[in-house]
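Open the structure in your viewer and keep the selection tool at hand. Each stop below tells you what to select and what is there.

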Amino acid sequence: MFTTTVVALKKKIITHGVPQGSILGPLLFILYINDFSKSSDLLFSILFADDTSVFIEGTNYNKMIDILNIELEHIDVWLKANKLTINIKKTHFMMFHRTRIKCTSRDVIIRGNSLECTNSTKFLGVIIDNKLNWSEHITYIKNKIAKSIGVIHKTRNFLNDKTLRNLYFTFIYPYLIYCIEIWGNTNEIHLNPIVKIQKKSIRTITFSHYQAHTAPLYKKLNILN
């Protein structure tokens with residue numbers, strides 16, 4: 001027995017914003033906020049849908065904070081004019097510097113709210129740290145791959161070699177390759193955890209000893225280290 005459900009759709013005029021969940025949603029939103037960068041002449045902005053970052057550089061830290069707060073007021077005016085709100089809980093700032101520095105006691109303020117100073121943040125799937133050594137992102141990748149190895153280890157006795165290799169490219173390879181142009185050139189010390197976890201994955205899918213030499217295994221599977 002089949003039942004049919006009829007849904008009545010009503011047309012409504014959109015006066016501002018864009019519909020959520022649509023294929024064109026991100027593109028329409030980018031068009032909607034396209035002139036955001038013109039809200040400040042001193043801040044450099046990067047826009048990707050609703051992930052927006054602004055940057056300021058200089059040699060005098062206190063002066064930069066003062067300029068930043070003034071420019072954030074200009075941005076707030078633009079947001080209000082375009083009927084947009086900012087999620088304060090998801091908004092924070094970072095300081096990039098060659099030497100060791102700590103978050104200052106001076107506040108970065110927008111709409112009367114002080115923003116949190118953080119040492120790292122996730123942007124488009126990549127964890128950016130204030131030292132730009134990518135250690136936190138590498139740790140994140142390592143943990144993700146470790147979980148995938150657990151899945152492969154539990155199923156490997158029921159699968160053939162080809163399927164296990166496919167599982168590698170499904171569960172492990174995407175984490176290794178995503179934005180590797182950015183973080184993959186860091187110091188070997190920071191990359192070492194990734195090297196070790198990849199070797200572990202190769203040994204797992206080939207049923208090799210945990211100390212087995214991996215060079216011939218990479219060659220056998222036609223996988224790059």
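**Stop one: Thr 186**

Select Thr 186 and Asn 133. The backbone oxygen of Asn 133 lies 2.9 Å from a polar atom of the Thr 186 side chain. This is a predicted model, so keep that in mind at each stop. Thr 186 sits in the loop between α6 (180-183) and α7. Is Thr 186 buried or exposed? Its relative accessibility is 14%, so Thr 186 counts as buried. Now show what surrounds it. Leaving aside neighbours within four places in sequence, Thr 186 is in contact with Asn 133, Trp 134, Ile 138 and Leu 191.

**Stop two: helix α7**

Asn 187 caps the N-terminal end of α7, with a side-chain oxygen 2.8 Å from the backbone nitrogen of Ile 189. Next, select the whole of α7, residues 188-205. Its 18 residues should span 26 Å at 1.5 Å a residue. The end C-alpha atoms of α7 are 25 Å apart, which agrees.

Colour the buried residues of α7: Leu 191, Ile 194, Ile 197, Gln 198, Ser 201, Ile 202, Arg 203, Thr 204 and Ile 205. What do they pack against? The buried residues of α7 pack against α3, α4 (161-171), α5 (173-177), α6 and α8 (215-221). Just after α7, look at Phe 207, where phi is positive, at about 55°.

**Stop three: α3 beside α7**

Show the side chains of the contact. On α3, select Ser 135, Ile 138, Ile 141, Lys 142, Ile 145, Ala 146, Ile 149, Ile 152 and His 153. On α7, select His 190, Leu 191, Pro 193, Ile 194, Ile 197, Lys 200, Ser 201, Thr 204 and Ile 205. Colour them by class. The contact of α3 with α7 has 11 nonpolar, five polar and two charged residues. An α-helix has 3.6 residues a turn, so residues three or four places apart point the same way.

Step back to Leu 132, in the loop between β8 (126-129) and α3. Leu 132 is partly exposed, with a relative accessible area of 45%. Leu 132 and Asp 35 are 97 residues apart in sequence and 29 Å apart in space, C-alpha to C-alpha.

Now select Ser 120 in strand β7 (120-123). Ser 120 has 18% relative accessibility and counts as buried. Which side chain makes a polar contact with the side chain of Ser 120? Select Glu 136: the distance is 2.8 Å.

**Stop five: helix α2**

Select α2, residues 61-81. At its start, a side-chain oxygen of Asn 60 reaches to within 3.2 Å of the backbone nitrogen of Asn 62. The 21 residues of α2 should span 30 Å at 1.5 Å a residue, and the end C-alpha atoms are 30 Å apart, which agrees. Its buried residues include Met 64, Ile 65, Leu 68, Leu 72 and Trp 78. Elements that cover the buried residues of α2 include α1 (25-32), β2 (51-55) and β4 (109-110).

**Stop six: beyond α2**

Select Lys 83, in the loop between α2 and β3. Lys 83 counts as exposed, at 56% relative accessibility. Its phi is near 55°, a positive value in a residue other than glycine. Most residues other than glycine have a negative phi.

Move on to Leu 84, which is buried, with a relative accessible area of 16%. Leaving aside neighbours within four places in sequence, Leu 84 is in contact with Phe 29, Tyr 32, Ile 33, Trp 78, Leu 79 and Arg 111.

End at Arg 111, in the loop between β4 and β5 (113-114). Arg 111 is partly exposed, at 33% relative accessibility. Arg 111 is not a glycine, yet has a positive phi of about 55°.

Terms used. Residues numbered from 1 in each chain as written. Predicted model: local features only at pLDDT ≥ 70, side-chain atom pairs only at ≥ 80, totals over all residues. Heavy atoms only, no water. Helix = DSSP H or I, 4+ residues; strand = E, 2+ residues; numbered from the N terminus. Buried < 20%, exposed > 50% of the residue type's maximum accessible area, 1.4 Å probe, protein only. Contact = heavy atoms within 4.5 Å. Axes fitted to C-alpha atoms, helices over the stretch in contact; angles between N-to-C directions. Nonpolar A, V, L, I, M, F, W, Y, C, P; charged D, E, K, R; others polar. Expected span 1.5 Å × (residues − 1). Polar contact = N/O pair within 3.5 Å; in protein donor to acceptor, adjacent residues only side chain to side chain.
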